[in-house]
Amino acid sequence: MINELKKVNVFYFSPTHTTKTVVQNIALGTKLEIKDNDLTFINEDLEDCNFSQKDLVIVGLPVYGGRTPKVIRKVLNKLRGEETPIVLVATYGNRHYDDALIEMKDIFVQNGFKVIAAGAFLGEHSFTKKVATGRPNKEDTKKAYKFGEQVIEKIKKVKELANIEVPGNRPYKKDGNKKNIAPVPNENCKGCNICADVCPTGAISKLNTREVDPGKCIQCCACIKICNFNGREFEGNPLEKSIIFLETKCSDHREIEIFL
Ligand SMILES: Cc1cc2nc3c(=O)[nH]c(=O)nc-3n(C[C@H](O)[C@H](O)[C@H](O)COP(=O)(O)O)c2cc1C
């Protein structure tokens with residue numbers, strides 16, 4: 001089979017780019033031709049993408065509330081396999097990935113894929129730069145690359161690839177209630193529009209970045225992190241409790257976990 005594999009198809013949802021960095025390094029490690037598919041800008045009209053046994057697919061998602069981000073689930077169901085080997089990656093911000101990997105496994109097994117490997121990687125927390133700061137770092141990207149090599153070794157060695165076990169519980173953690181909050185510009189805002197360009201859901205108007213739709217905002221914090229002027233913030237600091245919890249209880253170094 002390995003001789004027939006030519007391309008690795010990479011899919012990711014990654015508002016603050018940590019997941020993107022991880023999956024792209026895994027893909028490099030496979031040394032196959034890479035077809036990169038960025039799913040960050042939500043497009044529910046995406047056509048079905050069908051894969052065969054000769055394809056290799058890698059999907060990476062950030063963990064939101066111990067689950068897959070709700071906003072991307074419909075799009076994930078457009079990926080269809082026929083016994084297609086798939087590698088699943090959950091990137092999390094140093095608290096925990098809880099049921100994200102098992103949920104990903106269930107989605108993709110149901111849609112015809114064979115989960116041959118998975119990884120829980122670390123990414124700087126979207127809410128605060130003080131948790132998992134700078135991750136994935138150099139060592140993480142090296143491990144991601146090595147993981148890509150290990151996936152190929154496994155495909156070469158194992159004749160009958162089967163679904164692997166991944167940690168997590170069923171029923172999954174309940175989705176949190178949708179929060180009707182969104183970052184808004186502060187006095188530092190220069191009106192450069194970069195925040196609107198990185199918003200995955202179009203919650204920020206491209207014509208006037210002061211116009212924000214909290215109904216569309218998923219609190220991914222891409223707009224806050226991209227701003228060079230600290231020009232965007234949540235009014236009234238509604239994430240304060242979560243941030244204090246993360247900074248006081250989730251600051252220990254965590255290691256990448258690989259499942260092969
Ligand atoms: C709404 C939201 C919920 C999150 N929930 C969790 C969580 O349950 N556990 C955790 O460790 N990190 C959590 N994070 C942090 C992200 O998983 C982490 O920062 C990830 O690296 C972001 O990925 P990205 O850079 O690809 O967007 C959450 C982030 C956001 C925005």
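Trainee: In which loop of this predicted model is N237 found?
Mentor: N237 has a positive phi of about 50° although it is not a glycine. Most residues other than glycine have a negative phi. As for its place in the chain, N237 is found in the loop between β9 (232-233) and α7 (240-249).

Trainee: Is C221 exposed or partly exposed?
Mentor: C221 is in the loop between α5 (194-198) and α6 (222-226), and it has a positive phi of about 70° although it is not a glycine. A residue needs 20 or more other C-beta atoms within 10 Å to be buried, and 12 or fewer to be exposed. Because C221 has 19 other C-beta atoms within 10 Å, C221 is partly exposed.

Trainee: Which domains is the protein divided into, and how far apart do the C-alpha centres of domain 1 and domain 2 lie?
Mentor: The protein is divided into domain 1 (7-165 + 253-259) and domain 2 (184-237). The two domains touch, with 9 residues of domain 1 in contact with 7 residues of domain 2, and the domain 1 side of this contact has 6 nonpolar, 3 polar and no charged residues. Between the C-alpha centres of domain 1 and domain 2 the distance is 27 Å.

Trainee: Why is β7 described as largely enclosed by the rest of the structure, and in which sense does it pair with β6?
Mentor: Of the 10 residues of β7, 9 are buried, so β7 is largely enclosed by the rest of the structure. Over 9 bridges, the sense in which β6 and β7 pair is parallel.

Trainee: Is K20 buried or exposed?
Mentor: K20 is found in helix α1, and, leaving aside its neighbours within four places in sequence, K20 is in contact with Y12 and S14. The cut-off for a buried residue is 20 or more other C-beta atoms within 10 Å. Because K20 has 22 C-beta neighbours inside 10 Å, K20 counts as buried.

Trainee: Which residues are the closest to the ligand?
Mentor: The shell around the ligand draws at least three residues from each of domain 1 and domain 2, and the elements that give two or more residues to it are α1 and β6. By class, this shell has 7 nonpolar, 15 polar and 2 charged residues. Of the 24 residues that surround the ligand, the closest are T18, T19, P62, G93 and G123.

Trainee: Which residue does a cis peptide bond join to R135?
Mentor: Most peptide bonds are trans. In the loop between β7 and α4, however, there is a cis peptide bond with omega about 0°, and the residue that it joins to R135 is P136.

Note on methods:
Residues numbered from 1 in each chain as written. Predicted model: local features only at pLDDT ≥ 70, side-chain atom pairs only at ≥ 80, totals over all residues. Domains from an automatic or database assignment. Nonpolar A, V, L, I, M, F, W, Y, C, P; charged D, E, K, R; others polar. Near = placed C-beta within 6 Å. Helix = DSSP H or I, 4+ residues; strand = E, 2+ residues; numbered from the N terminus. Pairing = 2+ DSSP bridges.
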